[in-house]
Amino acid sequence: MAAIGVHLGCTSACVAVYKDGRADVVANDAGDRVTPAVVAYSENEEVVGLAAKQSRIRNISNTVMKVKQILGRSSDDPQAQKYITESKCLVIEKNGKLRYKIDTGEETKFVNPEDVARLIFSKMKETAHSVLGSDANDVVITVPFDFGEKQKNALGEAARAAGFNVLRLIHEPSAALLAYGIGQDSPTGKSNILVFKLGGTSLSVTVMEVNSGIYRVLSTNTDYNIGGTHFTETLAQHLASEFQRSFKHDVRGNARAMVKLMNSADIAKHSLSTLGSANCFLDSLYEGQDFDCTVSRARFELLCSPLFNKCIEAIRALLEQSGFTADDINKGVDESGANSFTVLFPSGTPLPARRQHTLQAPGSISSVCLELYESEGKNSAKEENKFAQVILQDLNKKENGLHDILAVLTMKRDGSLHVTCTDQETGKCEAITIEVAS
């Protein structure tokens, strides 16, 4: 039997198909496996995905983004109020329900969030049908763990309106474990799994217990003040500063120029996931001035270091909230698909003679960075200091599947730390030794 899985996020959506005993993420008509969750309205058409995102500079007031943030919410919901304030597309209350006010010049219409979500689901169904055929409409949909019943119902209604037969809604942390096959291949045994998801608009960290194939959420926390968009905004602000330094014009108050910078920063951010530098060129950014700027990965990481620290702090805070230490976690799952992993070492704490971590990275990337940090202080006063990293490069990219990376940390008798990072499929290995401080 063939089935479809859909993840509708705040900033993007993706679809996977299950057929012949395996699941594969399907590329859309642009060749991308991730589709922007953006819908643009014009006089006679509705555009979904990349084209809608690219056209928002000239049609921003009729372009709906991040609909998941308002789906199933009422006007008195704090999250909805925040969304309404920030949305460039006007949101009003009409007949007791929230609506987008779309004005294309010829007519004004009021669109409810479920209709926007329906168009995105229809795009996902079209993408899945390109592989499975039009008779496959059974779908499983992921939802955030903190979604209430109204939000779940709204999501399900939108999917059914798109022609899907909704089999089940699955919480996103559980869906991540299923995607990685964790807990399904072992009929017995209990383990604790840390699920880390840095989404477009929020960061979610969850500790789950896997016991004989049964998943149980032990503790979870979501921070709506950090997400992929915040990294993009940080880079866009840097580009604005560079433009001001070169041309003596501050474009931060110009909405059109900042949208252009955000688009360019978003593209550069993704390029820097695999490349050492990225070029940002914008034609006629402000008053006819073209802007050309190259950003290195090192510069980007420096700019975003406060955000990275927030991610680390979120993990540490959740472990403390759950009563766990890092040693209690058997495995970590990165639900957001990043290619960097972090290991924390408490300062002054004796380390085991040998520690082993099994990490998994998306098959689409060609390099993995294992970062080593030392934590100092206690509780909220703790600070993390990065003291080394191992970069495993030239991995064989694959459309489907994952890279299984084995990281082994060995404390030598002389006090030095030997770290190896190995791709278990090819045996490719990188190693470093950190000498004891004199």
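**A chat about the model**

A: Happy to. Y83 counts as buried, at 4% relative accessibility; buried means under 20% relative accessible area, exposed over 50%, and partly exposed in between (1.4 Å probe, protein chains only).

Q: Before we go on, what sort of model is it, and how are residues numbered?
A: This is a predicted model, where local features need pLDDT of at least 70, side-chain atom pairs count only at pLDDT 80 or more, and totals for chains, interfaces and linings use all residues. Residues are numbered from 1 along each chain as its sequence is written, and side-chain values use heavy atoms, with hydrogens and water left out.

Q: Okay, back to rings. How many aromatic pairs are there?
A: The structure holds 5 aromatic pairs. Rings of Phe, Tyr and Trp (its six-membered ring) pair if their centres lie within 6.5 Å; planes under 30 degrees apart count as stacked, over 60 as edge-to-face and the rest as tilted. One of the pairs is Y83 with Y100, which is edge-to-face, at 6.5 Å centre to centre and 80 degrees between the planes.

Q: Why does that pair tie parts together?
A: Because Y83 lies in helix α2 and Y100 in strand β9, parts that are 17 residues apart in sequence. Helices (H or I, at least four residues) and strands (E, at least two) are DSSP runs, numbered from the N terminus. Y100 is also buried, with a relative accessible area of 1%.

Q: And what about F231 and F308, what kind of pair is that?
A: A tilted one, because the ring centres of F231 and F308 are 5.4 Å apart and the planes are at 50 degrees. This pair links distant parts of the chain, with F231 in helix α6 (residues 228–247) and F308 in helix α9 (residues 305–322), 77 residues apart.

Q: Buried or exposed, those two?
A: F231 counts as buried at 6% relative accessibility, while F308 counts as partly exposed at 30%. There is also a cluster in which ring pairs link F243, F247 and F291.

Q: Let's switch to packing. Which residues touch the most other members in the largest nonpolar core?
A: Y100 and F121 do, in a core of 43 residues. A nonpolar core here is a set of buried Ala, Val, Leu, Ile, Met, Phe, Trp, Tyr and Cys residues joined through side-chain atoms within 4.5 Å.

Q: Which element gives the most to this core?
A: α3 does, with 8 residues.

Q: What does F121 touch?
A: Leaving out residues up to four places away in sequence, F121 touches V6, L8, I141, L155, A158, A159, A162 and F164. A contact means heavy atoms within 4.5 Å.
A: Apart from that core lies another one, of 36 residues, among them V251, A265, F291 and F324.

Q: Zooming out, what does the whole chain look like in numbers?
A: The secondary structure comes to 9 helices and 25 strands. Of the 438 residues in the chain, 44% are buried. Among contacts with a separation of 6 or more, 59% come from residues 24 or more positions apart.

Q: How do β8 and β9 pair?
A: Strand β8 (residues 91–94) and strand β9 (residues 97–103) pair in the antiparallel sense over 4 bridges; two strands pair if DSSP finds at least two bridges between them. I92 stands opposite R99 in β9. The hairpin has 2 residues between the strands, and N95 takes a positive phi near 55 degrees there.

Q: Where else do I find a positive phi?
A: K66 has one near 55 degrees, and K66 lies in the loop between β7 (63–65) and α2. K248 has one near 65 degrees, in the loop between α6 and α7 (255–271). K66 counts as partly exposed at 23% relative accessibility, whereas K248 is exposed, with a relative accessible area of 68%.

Q: Last topic: how many disulfides?
A: The count comes to 0 disulfides, where a disulfide is a pair of cysteine sulfur atoms within 2.5 Å. For C421, the nearest cysteine sulfur is that of C429, 7.6 Å away. C421 counts as buried, at 0% relative accessibility, and C14 is partly exposed, with a relative accessible area of 24%.
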